[in-house]
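Trainee: Please walk me through reading this fold, from its elements to its core.

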Amino acid sequence: MTNIASGLCGSFASRNNELDGYWSIGQLRSLAEQNGESTVIFDLLTSTIQPPSSEFGIVLVRYRRLLAKLADLSNIRLEEISAARITLDFAPQPWPRIHYYKHHWGDQFTLTVTINADGQAAGIVHHAGYCRTHDPARESRSAPSASY
């Protein structure tokens, strides 16, 4: 389960996780702020996002497909997986800033991927980083990329 969670986490944290040419995590920070929330949760099994937003449906589909692919590569049937969540926390407990931190990177966030399957130990992987609220005027838009 940890391998599946690690694969999902690494891909989700990547700058290649984009929506309409912009990094999804910055846009998800904006979604959380617009809804007065500090977290965004993707449930890959029920294909839902909290707070609800149809705008991120394509991101949800992309990571549901990646979950299925990683499960298959791990010889685990998708039906055996009982939980698959990606949680972004935009108000985490503070941690010491690393020496090369640059203020313009934005505020801290944590990303946690949790995968559970019947009769197996849970796979839980964490990532920490920095991001700003999405602002197209300050960001470079990437060229269209291929889907997963």
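Mentor: Start with the elements. The chain has three helices and seven strands; these are DSSP runs (helices H or I, at least four residues; strands E, at least two), numbered from the N terminus. This is a predicted model: local features need pLDDT of at least 70, side-chain atom pairs count only at pLDDT 80 or more, and totals for chains, interfaces and linings use all residues. Residues are numbered from 1 along each chain as its sequence is written, and side-chain values use heavy atoms, leaving out hydrogens and water.

Trainee: What pattern does the chain follow along the sequence?

Mentor: The order is α-β-β-α-β-β-α-β-β-β.

Trainee: How do E6 and E7 pair?

Mentor: Strands pair if DSSP finds at least two bridges between them. E6 and E7 have nine, in the antiparallel sense. Thr114 stands opposite Ile124 in E7. Five residues separate the two strands of this hairpin, and Gly119 in the turn has a positive phi of about 75°.

Trainee: Which residues have the most contacts inside the largest nonpolar core?

Mentor: In soluble globular proteins, nonpolar side chains tend to be buried together. A nonpolar core joins buried Ala, Val, Leu, Ile, Met, Phe, Trp, Tyr and Cys residues through side-chain atoms within 4.5 Å. Buried means under 20% relative accessible area (1.4 Å probe, protein chains only). Here the largest core has 38 residues, with Leu8, Phe12, Leu28, Phe42 and Ile115 having the most contacts inside it. Helix H3 (57-73) is among the elements that give two or more residues. H3 gives the most, seven.

Trainee: What does Ile115 touch?

Mentor: Contact means heavy atoms within 4.5 Å. Not counting residues up to four places away in sequence, Ile115 touches residues including Met1, Leu8, Leu67 and Ile81.

Conventions: Buried < 20%, exposed > 50% of the residue type's maximum accessible area, 1.4 Å probe, protein only.
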